Amino acid sequence: MNLNTRTIVVEPYNPYWPEAFELIKREIDAVLKNCVIAIEHVGSTAVPGLYAKPVIDIDIIIDVGIFNRIKDLLSTIGYTHNGDQGVAGREAFKYDGKLHLMKHHLYVCDRNADELKRHLALRDFLRNNNEYREKYNNIKLEMARKFPHDINGYINGKQPVIMEIYGLCGLDTSYKQMQDYMGAYEMTDFTNKIKNELQNLGADIVGFGNLEELMADVREGMPTGISVAVRYPKEVIRGITTLPTQEYREWYDRLNERLDMIVTRGASFLYEMGYKAIAKTREQVGYDGEGDKHYTILPHKTVATRAGIGWIGKCALLVTEDYGSAVRLSSILTDAPLNTDSPTNKSHCGDCMICTNACPGGAIFGVSWEAGLEHDKFFYADKCVETARERSKLGFGGDIIICGKCIEICPYTQKYINDIT
Ligand code: SF4
Ligand code: SF4
């Protein structure tokens, strides 16, 4: 079944649900007898007063080491093991038929599994707290209205309230734990969904970087940076072999505007899903262009290398495999649970000295970058700014700091602009 076309149905609490659970439990009990610690009714149908999807969630709690025996016993009454679905310590089972029983999800949980603790904590908290039961009801109804055919949108949208409750229950709500809560499949779906959104808005490259190694104030308390790149048209870069052109300057502004739009809408989308998201627009960041004269506390290039979309070239610009340096960058900081990419920590420039030799201002030392290397150890920003200003004047009479020589001449850019496909 295609999850994204299924209609999300949440119903008012039905007093029959505990009885439906008891009927299923009785059948399971008959084969498991005294082999298990407990069979628990969990999930929203286990909380009187809570709206729920009409599906009974059941956790069978077992001791370590007896899973295979339980699996064999369950198979005798038509349940088939369906893997852990990316959630450690919780094994899922599926079945066919069983029309005499209410639809249910059956899990076998190790007694120490974090997921089991979360299920029980959430159920017990909601059973005893009217205020949060109401709050949870409201978010469920809102998300079911908002994402009537999108199960991932529905699940992700109510996640912030669940996380708040976990926090109140004293459960770990760190980013890493959040990844576990959502499960690997949901995380991947959600990450792809965000990527698609940004690509539909016009992003050419999107990457997700784990920023947690950086100081919290640098990343504004957000664990993840989404790096967004848009590319220059090939002909625009071909046109700056000698000097920067008016066309190049116009595209520089146009791409910056496009990036501001993409990250603003991307951040709004995440915000609507209930997460914090900061769009690092030009207004937010200040100048982050050629020369990096006004070096920002968290450059887009840092987010980009953390997201693995490229490396810092000897010219201090981001170099990507697909478009060389012919890109402009922006970023979004967020606490949304997203799968992050492997960071790039080393330069791929190798022995190349093309930009070093071509820079008319002598701004490039010729030193290969690696993560953590300070900017002024391989690049003279002042020399670049001075030269780029002169070349803007010479090229098109502009009073702006753009040059583009090291962009155009880089072999990775050349590969892109000379590719006729
Ligand atoms: S080539 Fe131009 S943009 Fe590149 S470092 Fe030199 S002056 Fe700056
Ligand atoms: S021109 Fe060569 S050294 Fe410079 S950024 Fe490109 S690959 Fe690196």
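**Asking what the words rest on**

Q: Into which domains is the protein chain divided?
A: There are two entries: domain 1 covers 3–182 and domain 2 covers 189–417. These bounds come from an automatic or database domain assignment. Keep in mind that this is a predicted model.

Q: How far apart do the C-alpha centres of domain 1 and domain 2 lie?
A: They lie 44 Å apart. For scale, the C-alpha trace of the protein chain spans about 85 × 40 × 40 Å along its principal axes.

Q: How many helices and strands does the protein chain have?
A: The count is 15 helices and 11 strands. As for burial, 42% of the 421 residues count as buried. And among contacts with a separation of 6 or more, 69% are accounted for by residues 24 or more positions apart.

Q: What makes L32 partly exposed?
A: Just count the neighbours. A residue needs 20 or more other C-beta atoms within 10 Å to be buried, and 12 or fewer to be exposed. L32 has 19 within 10 Å, so it is partly exposed. L32 has its place in helix α1, and leaving aside neighbours within four places in sequence, it is in contact with I70 and L73. Its C-alpha atom is separated by 61 Å from that of R231, 199 residues apart along the chain.

Q: How do you know what span to expect for helix α1?
A: The expected span is 1.5 Å times one less than the number of residues. Helix α1 (residues 17–32) has 16 residues and reaches 22 Å from its first C-alpha to its last, close to the 22 Å expected.

Q: Which residues of α1 are buried, and what covers them?
A: W17, F21, I24 and I28 are buried in α1. Their cover includes β1 (38–42), β2 (56–62) and β5 (104–110). After α1 comes K33, with a positive phi near 45 degrees.

Q: What span should α9 have, and how far apart are its end C-alpha atoms?
A: At 1.5 Å a residue, the 27 residues of α9 should span 39 Å, and the end C-alpha atoms are 39 Å apart, so the two values agree. Its buried residues include Y248, W251, Y252 and L255. Just after α9, G274 takes a positive phi of about 100 degrees.

Q: Which residues does A229 touch, not counting residues up to four places away in sequence?
A: A229 touches A203, D204, I205, A304, I309, T320, V327 and L329.

Q: Why does K98 count as partly exposed?
A: The cut-offs are 20 or more for buried and 12 or fewer for exposed. K98 has 14 C-beta neighbours inside 10 Å, so it falls in between. K98 is found in the loop between β4 (90–95) and β5, and its phi is near 55 degrees, a positive value in a residue other than glycine.

Q: What about E220: why does it count as partly exposed?
A: With 17 C-beta neighbours inside 10 Å, E220 is in the in-between range too, so it counts as partly exposed. E220 lies in the loop between β6 (205–210) and β7 (224–231), with a positive phi near 55 degrees.

Q: Which residues surround ligand 2?
A: They are G313, K314, C315, V319, C349, C352, I354, C355, C410, P411 and Y412. The elements giving two or more residues to this shell are α12 (354–358) and α15 (411–417). By class, the shell divides into 9 nonpolar, 1 polar and 1 charged.

Q: How many residues surround ligand 1, and which are the closest?
A: 13 residues surround ligand 1, the closest being C359, C384, C403, K405 and C406. The elements that give two or more residues are α13 (381–396) and α14 (405–409). α13 gives the most, with 3 residues. The shell has 8 nonpolar, 3 polar and 2 charged residues.

Key: Residues are numbered from 1 along each chain as its sequence is written. Chains are lettered from A and ligands numbered from 1 in the order in which they are written. This is a predicted model: local features need pLDDT of at least 70, side-chain atom pairs count only at pLDDT 80 or more; totals for chains, interfaces and linings use all residues. A residue is near a molecule or strand if its C-beta atom, placed from the backbone, lies within 6 Å of it. Helices (H or I, at least four residues) and strands (E, at least two) are DSSP runs, numbered from the N terminus. Ala, Val, Leu, Ile, Met, Phe, Trp, Tyr, Cys and Pro count as nonpolar, Asp, Glu, Lys and Arg as charged, and the others, Gly among them, as polar. Two residues are in contact if their C-beta atoms, placed from the backbone, lie within 7 Å.
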